[in-house]
Structure formats: structure tokens, C-alpha cells
Amino acid sequence: MRIRTSFPYETAHEDIRVPLADGTRLYARVWRPLTPERVPAILEYQPYRLTDRTAPRDRQRHPWYAGHGYASVRVDVRGHGNSEGVPGDAYSATELADGVEVVNWLAAQPWCDGRVGMFGISWGGFTSLRIAALAPEPLKAVVTVCSTDDRYDNDVHYLGGSVLAVDMHAWAATMLALVCRPPDPLYAGEAWRDLWLERLEQVDPFLHTWLDHQTRDDYWRRGSVREGLGTIGAAVLAVGGWHDPYRDTVLRLVEHLPADRVRGIVGPWSHQYPDRGRPPGPAIGFLQETLRWWDQHLKGVDTGVMREPLLRSYVVDSHSPATVHATLPGRWVGEPAWPSPNVTTVSYGLQGAPVLVRSPQHTGVDAGRFLPFGNDADLPPDQREEDARSACFEFAVGEETWVLGQPRVRLRVTSEVSRGQVVARLCDVAPDGSSTLVTRGALNLSARHGQDRVVPWEPGATQEVTLALNGIGHAFPPGHRIRLAVSSAYWPWIWPQPGSQAGFMLDPAGSFLELPVRAREASSDIVFEEPEQSAPLGAGLPATLDEPRPERLVVRDVAKGEWRLEVDPRGGGTRVYPDGLECTEEALETYTVDENDPLSARTRSDRSIRLHRPELAWDTTVRSRSEITCDGTDFRTANEVVCTEGGEVVFHRTWEKRIPRTAG
């Protein structure tokens, strides 16, 4: 990593409040070049608190853009951080309308030349796409990173029509705690407490809404941009990583947006900006790459970025299974179109007699983290134990085989029960027997005719089902084996269906694995610069003598047949900021299931956030607890929030709800 301290422009920054038409003011931080010339503005717009949670990351990039001649602006959405108003549903219509107002307000400022770009990762990337679909006139370019165009099937809620136990709950519980944080009196002033109490009265767990919509209905369609790509007029640079669950969005965007205003990059990365150096690498000079995009589309400079391949992607070499890789070997390839003329579908017929697929309910404990951030326990370990709980089919690799895109699986299935799910994993098996997970996919059998409907399986019927696996770039070397592992359970990623312990019969005759095989030709002309950032913020974690608990701990109660996965998402500890704020976060997620009983599944998330300013004698804490259990007909949710100021409780609320299992 190269830290840049000298730029073409001197810069300054200030905190301001952006006025909205209804009188609400959004808190913003603006970095600007010191020049009398008007310059384009670049906006990052999200709820994650610019004065603390994202401040270290913001400092890496916003001053860098300002130093290259852009007004770089970070805004907290309504009801979050030090912005006024109350929080709403994720990506609500109000949030988007506010975002359009912010874009238009920036374009009208005397220091802006009227042209605006938007960028962001995850939430910020989603919002950039959706605001682009609303087509505010000043918005000319977008850089969206690790984001989705489909909030139902390519977000943290559902996978193949099945409820995502692991991240639907974990992220809903995380947001419940984050939404309840108070404004910071150093920035919000004396009104901070009134703003806080007003917010708390409006809080409702996202979990209720997400579980209320178990098919891809109008709620999810309105919240997605997949059906509205035709309204996007801005130029879109879509960036993702093969270890990020949202990477298929990049493939869809380069396929469906006009080629004269879209480009895609997919590397080996996790859910991170690809310049940060978080595992797995290699990192790239992402800021320099985005500067080419901004200069091209906001300043009219021909940087050559539109002469790059439509899609640049990293084909990863075969590697041993491990829960973290600092760097993954491989090479960059370029595609002139998507689907690519360099990719051919190769079909592998499954062999053998019909087999009963009846996986124990804890199949999936070695799945790894759904949303990896580059931590030591994020990636899946050796898959041999998971493979032993699955039906496996293997294909010898005679010559090196590059796979690029989304594999598909067609299976002939007989089920004696009306509900269930199919999970398929593609693994790279080395001569020593080690099994490295390459990619995977899932299908709720009731969603086999479409994710917008529920069609129960006729018990005893035999049908062909098709499921797509997540996109991947991977090279299988000669002497290895391609393994397709099929299971009927995948906890805690997939919430188990009632009766699914019966499994299903799989007939290899008429069943196929379809691989998108790419020509073995690397693109030597695809080169990225060394990662570069502006000087870091300097927020630090104090030393501690406490022994950290494991990131992922699997506990088996042999007598009960119970398996418990404990996850520390590694967002904890105390961070001390240069402005004096001390922020302490702790979290623990637990996922429990009896290996023989799908109705035993339960999840729990406990979180605490303390915000403390010793110099102001300001000390607040948010504690939350969230649980889901189930029976054959309903999910049962329980949530609790306790907020204190100076040790005194100022807010305490519990929510309990039963939600019918219409599809999940």
C-alpha cells in the first residue's frame, strides 16, 4: 500500500448540513480542492455514521479524490448518525428521494460544475444504483462495489427461494443495534438527546418485514433495480469479488446495460474495497481505476477506460482449502461481451444408481461466512466432512479447465414430502483428497417454477429441477477432480424446511452439471496500479490483555445430537478516535440445530455498542438481543433493545411476533 501525501490540489474539508424540502437536514462532510474553478462532485450516501463507524475508511478515499480535483462528499441518510429525521425501512422510497435531492443540491452549489457521480460499497453501492435508476439529471456516473441489483435473491435475505438463516438474522440484528445509536453531541449539539429519543420511538426490527415477504413479491421488486436497468442513464462501473455473495450482480449489469456505458471488474476479493489489502488479494490500485472512470464521465477526459474489456475478471488458480488466504494466485482475463464468446458450456452427465440424499441437519457448519470481510475464519475449510454428508459425483480433469461464469445443475429428483431444498457445491479435489469449495447454489423446491410463487411438491412425484450456482473464475488443474456435492440441508445458511429430514432421491440418469468453460488465454495487457490511499485517520484500538474468543467455534453435544455454531463477527473491541470518541462494540451470534430435527433450528444475536466522550461526560450504551425459533407453521421472533445514558435506562422495548412460514 502506498500512502499518498502530495496531490495536484491542496484540499480542505468541512462538515455541513444538507437541507431537504421537508425541512430535514442531513449531516455531511465535504472534502474540496482549493481552487477557484468549479469541479464535479462525488457522493457517498449511506447510514453507517461518517463521524465514527466509516470515518477510517472515508479518510482513505475522500481526501484522495479531492486532491485530484473533485468535491468528495459523504452524507448520512435520514435518521442515522447526526442527520435529522427518523430511520425507515432499508432502501426506502424516502431514503432514495432524499438521495435525489442531495444530488440536485450538490449540482447547484457554487463550487460544483453541475456534474455529480455516486459511489459506495454494499449499502452505498445499492443506493447508488437505485438513485441512478431514478435518473436525476446531474448524475452522470456511478461506481458500485459489492452491491446488488436484486435484493431478494442476491442480498442477505433469501437464496434460491430459501430463507437465509445466517445473514438475514445477523444483519437484521446488527441493524437493530446500529439504528438505535444516538447522535453525537460533539456534532449534533444540544439537540442530540431529543433526536435520539425521537428515533427510538420509531424503531421496528427489519427482520419482521423481511420474513413477512418470503417470495419475490412487489416489496422486493420495488426494492431492487433489476427490473429498472433501462432507466439508468449514468455510466456504471460495477466491481465485485468472487468471495462476495453479490458478485453475480456484476455479471448481470455488464450483460444488460448498454456496452457504451458499463464496465465490470471481478477480482478474488471479499466484501471490501479492493484497494484495502484485506484477504484474499491481490489488491489493486482501485482509487486510480475509479479516477479514470470519473475523469472520463465527469470531466470528459479520454482516459481509455471505455476501451478496456467489457468485463475484467480474475481466474483463480487451484489452491489448498484454508479459512484465510492473504493472496490467491491466478491471472486476469478480459471479455469483449457477456455472455462471452470465449466461454462455452460443457455438460457433464452424472453417473451411478439412484441415491437417497438425506443429509444431517448440521450439514453446512463448514460453509464459512456468508459475507466475508477478510477475517481469519471467513472462508470455508476443507470440505471433506461436508462432502461425506452429501451425495458426491466426480469428474476427472484431463487438461487444465478454466471456469468463468455461473455453473448450472440439472437434477432428476423424487421427493416423498411437499417441502425441502436442494443445495449443490462445486469443489476442487486435489490428489491428496483435500476438497476446496469453488462455488455453490441452493433451491427451495417450492420455488422451482419461479421465486415469485409457492408450488408445493406433489409427494412421490419425480421432476427435473435446475439451479444456478454463484459465478466464479477458477482453474482446475490436470490430475484433480471436479466434485459436485448435493445435500438436502445447509445450516446455518439455509433455514431447514419442515419434513426435510426425509431428503429426496436423486437419479443421476438425466442429471447434469453444466460448466461455463473459458478458453485458456490470459490477458497480459490487463494491468492495475499499486494500491494507493490518502493518509489514514489514526483511530486506534488500545492494547488488551483479554484472550479473544474464537471467530467461529463449532460445539457438538454428542448425547443430544445437537450442533452449535458460535460466531464472533470481529467488529468488537474499543476504537479511540482522534476527536476523543471511544466506541466499544461486542457481538456474538449463535446457530443451533439438532442433527435429526429441522424444527430444532434456532438463531440468536447479542450485541452491545458503547459511545463515550470522557471530556463531555457523555456515556451511552445500546444493547440488543434477537432470536428466531420455528415450528412447522411459523417463525417466532423475539427482539429486545435497552438504551442507557450515564448508566440510566432511557429506552427499553421488546417485540415478539409469529410469522407464517409461507415459503420458508
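T54 is found in the loop between strand β4 (39-46) and helix α1. The model is a predicted one, in which local features need pLDDT of at least 70 and side-chain atom pairs count only at pLDDT 80 or more, while totals for chains, interfaces and linings use all residues. Residues are numbered from 1 along each chain as its sequence is written, and side-chain values use heavy atoms, with hydrogens and water left out. The helices (H or I, at least four residues) and strands (E, at least two) are DSSP runs, numbered from the N terminus.

Is T54 buried or exposed? T54 counts as buried, because its relative accessibility is 4%; buried means under 20% relative accessible area, exposed over 50%, and partly exposed in between (1.4 Å probe, protein chains only). Contact means heavy atoms within 4.5 Å. Leaving aside neighbours within four places in sequence, T54 is in contact with Q46, Y48, R49 and R74.

Two packed helices are described by the angle between their axes and the distance between the axes. Axes are lines fitted to C-alpha atoms, for helices over the stretch in contact, and angles run from 0 to 180 degrees between N-to-C directions. Helix α1 (residues 55-67) and helix α10 (residues 286-298) have axes that come within 11 Å and cross at roughly 40°. The two helices, α1 and α10, are therefore oblique to each other; angles under 35 degrees count as roughly parallel, over 145 as roughly antiparallel, 65 to 115 as roughly perpendicular and the rest as oblique. The crossing of α1 and α10 is right-handed, meaning that the near helix is turned clockwise from the far one by less than a right angle. From α1, the residues Q60, R61, W64 and Y65 make the contact, and from α10 the residues F286, L287, Q288, T290, L291 and W294. The residues of this contact of α1 with α10 divide into 6 nonpolar, 3 polar and 1 charged. Here Ala, Val, Leu, Ile, Met, Phe, Trp, Tyr, Cys and Pro count as nonpolar, Asp, Glu, Lys and Arg as charged, and the others, Gly among them, as polar.

The contact is made by E95, L96, G99, V100 and V103 of α2 and by W123, T127, R130, I131 and L134 of α3. The residues of the contact of α2 with α3 divide into 6 nonpolar, 2 polar and 2 charged.

The strands come next. Strands of a sheet pair through backbone hydrogen bonds, either parallel or antiparallel. Two strands count as paired if DSSP finds at least two bridges between them. Strand β12 (residues 311-317) is mostly covered, with 6 of its 7 residues buried. Which way does β12 run relative to strand β11 (residues 262-267)? The strands β11 and β12 run parallel and are joined by 3 bridges; the bridge partner of G264 in β12 is L311. With strand β13 (residues 330-335), β12 pairs in the antiparallel sense over 6 bridges, and S313 stands opposite V333 in β13. Strand β22 (residues 472-476) runs parallel to β12 and is joined to it by 2 bridges, with V316 opposite H474 in β22.

An open sheet of 4 strands has the order β16-β23-β19-β20, with antiparallel pairing. The edge strands, β16 (391-396) and β20 (435-444), each pair on one side only. The twist averages 15° from one strand to the next. Between β16 and strand β23 (residues 481-487), which run antiparallel, there are 6 bridges, and A396 has R481 as its bridge partner in β23.

R440 has its place in strand β20. This arginine, R440, is buried, with a relative accessible area of 13%. Not counting residues up to four places away in sequence, R440 touches A367, P380, A424, R425, L469, N470, Y490 and W493.

Finally, strands β32 (residues 634-645) and β33 (residues 648-660) pair in the antiparallel sense over 12 bridges. They form a hairpin with 2 residues between them, and G646 in the turn has a positive phi of about 60°. The bridge partner of T644 in β33 is V649.
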